[in-house]
Amino acid sequence: MQTTDKLMEYIQDSPSPYHAAAAAAARLEAAGFTRLEESAPWALSSGQCCYTTRNQSSLIAFRLPGGTPEGWRMTAAHSDSPTFYVKNDALEGDKRYVRLAVEGYGGMNCASWLDRPLTVAGRAVVRTPAGVEGRLVYLDRDLLTIPSLAIHQQRDVNRGHDYNAQKDMQPLYALGGGPSLTALLAEELGVDVGDILATDLVLCPRQAPVRIGPEGEFFQAPRIDDLGCAYATLEGFLSAKGTERFGQLYCLFDNEEVGSGTRQGAMSSFLPDVLTRIGEALGLSAQARRQALAGSLLLSADNGHAVHPNFPEKADPANKVYPNGGVVIKYSANQKYTTTGLTAGLFQAICQKAGVPVQVFANRADEPGGSTLGNLLGHQVSIPMVDIAMAQLAMHSAVETAGSRDPEYMARACAAFFQAEFTQTADGVYQF
């Protein structure tokens, strides 16, 4: 289960989307990838391995083929998770308490955030002699908590509670006095308080990833959705070898949990811009670029719901998936997932050849499921896609649970996919 150990390290390194992109970049550079800036010209050649970032929270890496690309093998995952964004140092209220002002980001299970150690992580924008610079910051200490109201003061709480983010979910910071949050950030960054011009900070649980179960068959951590897929697809990308005919791309997008409609989200021009710049640098004609897209396939990787041991009725009776059961292929009749029979069959053939088990997920007919980034990415880049996942429990809770074998299954499946030299010979026909 070495992949799971490495995934848990990646989660520890990634308390915010900014850290997740930086941690991926560090692993890419260790593997010999060259950083490119979007604001600089790109000079590319066959076989080159590069990456670029946008907003410090999204990243695209690519390995160019040895010859003219006949298609692309791509994966896409997201760097963000449901949390709370910090708005201000302090919140008005009882003068004896100091609370941070926060706002919900994405759809989280609020109760799971109560009564646990929290801290902040993200980006501080700092004034420098040359201008301004976004710097990553993580206060590595048990700094905050969101205290629940005692059951003696809400006797019916176990019958359900409607959480109000403004009233119930503001975190306790201090008991009067003491340094401000900005002062702590300045100390951590080694700058003056006045040099911090702005911040992009989120709350993050302090629990470290752990193995659980008599044989360690599960692992539990914050942000498994979607850092589990972010890391497993990256490991598959890095372990794959380049080919002569097909290029390989790894995508990590921010803001999936709030709709992907940002400059760094899946609905942005980020991926089309990268593909256009690659095509121009390699001297591909417009026709050659479109031909390569038609011969491509993208794996949209975002976790799915395992059968819950206490609520098995929530799963579709004909499409049950379990932790450690293998890579999940997700279907949706309303096209919230991009999978078609054709793309699923192609991916299954790749997994069978690699010896990776596969499961099939669909929502109950009477319950709408969530969406992911693939169907939104398809608005920008029209290529065949399939939605895949690891099965997990407690999705969108502060701490989630998944199977310890599934990260390796996904990494192996992605490595095989990146190296698969299938060709679309006609609409609906692929040959290996």
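What is the volume of the largest pocket? In this predicted model, the largest pocket has a volume of about 490 Å³. Its lining is made by 16 residues, and P147, S148, L149, K167 and D168 are the closest to the pocket's centre. Sorted by class, this lining holds seven nonpolar, five polar and four charged residues.

The second largest pocket contains about 380 Å³ of space. Here 22 residues form the lining, with H305, A306, K314, A315 and E367 closest to the centre. Two elements give two or more residues each to this lining: strand 17 (358–362) and strand 19 (391–393). The classes in the lining of the second largest pocket are eleven nonpolar, six polar and five charged residues.

The structure has one cavity of 30 Å³ or more. The largest cavity holds about 180 Å³ of space. It is lined by 22 residues, and S81, P82, T83, W113 and R223 lie nearest its centre. Strand 5 (83–91) and strand 10 (196–205) each supply at least two residues of this lining. Strand 10 gives the largest share, four residues. Twelve of the lining residues of the largest cavity are nonpolar, six are polar and four are charged.

R223 is among the residues nearest the centre of the largest cavity. R223 sits in the loop between strand 12 (218–221) and helix 5. Its phi is positive, about 65°, although R223 is not a glycine. Most residues other than glycine have a negative phi, and most peptide bonds are trans. A second backbone feature follows along the chain. The peptide bond from D225 to D226 is cis, with omega near 15°. D226 lies in helix 5.

Helix 5 also takes part in helix packing. Which angle do helix 1 and helix 5 make where they pack? Helix 1 (residues 2–12) and helix 5 (residues 224–239) pack at about 125°, and their axes are 10 Å apart. Helix 1 is therefore oblique to helix 5. The crossing of helix 1 past helix 5 is right-handed. On the helix 1 side, T3, K6, L7, Y10 and I11 make the contact; they meet I224, L227, G228, A230, Y231 and E235 of helix 5. The residues of this contact comprise seven nonpolar, two polar and two charged.

Helix 5 has another packing partner in helix 10 (residues 406–419). The axes of helix 5 and helix 10 come within 7 Å and cross at roughly 45°. That angle makes helix 5 oblique to helix 10. Helix 5 passes helix 10 in a right-handed crossing. From helix 5, the contact uses C229, A232, T233, E235, G236, F237 and S239. From helix 10, it uses P407, M410, A411, C414, A415, F418 and Q419. By class, the residues of the contact of helix 5 with helix 10 are nine nonpolar, four polar and one charged.

Which residue of helix 5 belongs to both contacts? E235 does: it is listed in the contact with helix 1 and in the contact with helix 10.

Technical notes:
Residues are numbered from 1 along each chain as its sequence is written. This is a predicted model: local features need pLDDT of at least 70, side-chain atom pairs count only at pLDDT 80 or more; totals for chains, interfaces and linings use all residues. Side-chain values use heavy atoms; hydrogens and water are left out. Axes are lines fitted to C-alpha atoms, for helices over the stretch in contact, and angles run from 0 to 180 degrees between N-to-C directions. Angles under 35 degrees count as roughly parallel, over 145 as roughly antiparallel, 65 to 115 as roughly perpendicular and the rest as oblique. A crossing is left-handed if the near helix is turned anticlockwise from the far one by less than a right angle, and right-handed if clockwise. Contact means heavy atoms within 4.5 Å. Ala, Val, Leu, Ile, Met, Phe, Trp, Tyr, Cys and Pro count as nonpolar, Asp, Glu, Lys and Arg as charged, and the others, Gly among them, as polar. On a 1 Å grid over the protein atoms alone, a cavity is a set of points where a 1.4 Å probe fits but cannot get out, and a pocket is an open set with protein on both sides within 12 Å along at least five of seven lines; lining residues have an atom within 4 Å of a point. Grid points are joined across faces, edges and corners, and a volume is the space filled by probe spheres set on the points.
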